[in-house]
Amino acid sequence: EAGGTTVTITGTNLGTPTGVSFGSTAAASFAGVSATQAFAVSPAGTGAVFVTLTTAGGTSATGAAARAP
């Protein structure tokens, strides 16, 4: 897959993201919008992966809701 898809991340305490990863690959770009929403652009790759968001407070947990198709 070529990547380049904008993904909306919703949750709580998102603050100012310092990183977003799709599996072990960093997002092409990302931005925090509010404490409950951020956007990230997917990198090239294939298959379903977990999406994690990192802030100064730590890294999000992975689970069914954190999986990008």
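Threonine 55 is buried, with a relative accessible area of 15%, where buried means under 20% relative accessible area, exposed over 50% and partly exposed in between (1.4 Å probe, protein chains only). The model is a predicted one, in which local features need pLDDT of at least 70 and side-chain atom pairs count only at pLDDT 80 or more, while totals for chains, interfaces and linings use all residues. Residues are numbered from 1 along each chain as its sequence is written, and side-chain values use heavy atoms, with hydrogens and water left out.

Threonine 55 lies in strand S6; helices (H or I, at least four residues) and strands (E, at least two) are DSSP runs numbered from the N terminus. Beyond its neighbours within four places in sequence, threonine 55 contacts Asn13, Leu14, Thr16, Pro17 and Thr18, a contact being heavy atoms within 4.5 Å.

Leu14 also belongs to the largest nonpolar core, together with Ile9, Val20, Phe22, Ala27, Ala38, Ala40, Val51 and Leu53. Such a core is a set of buried Ala, Val, Leu, Ile, Met, Phe, Trp, Tyr and Cys residues joined through side-chain atoms within 4.5 Å. Alanine 27, one of the nine core residues, touches Val20, Ser21, Phe22, Ala40, Val41 and Pro43, not counting residues up to four places away in sequence.

Turning to the sheet, three strands form an open arrangement in the order S1-S5-S4, with antiparallel pairing; two strands pair if DSSP finds at least two bridges between them. Strand S1 (6–10) and strand S4 (29–34) are the edge strands, each pairing on one side only. S1 and S5 are joined by five bridges in the antiparallel sense, and valine 7 stands opposite alanine 40 in S5.
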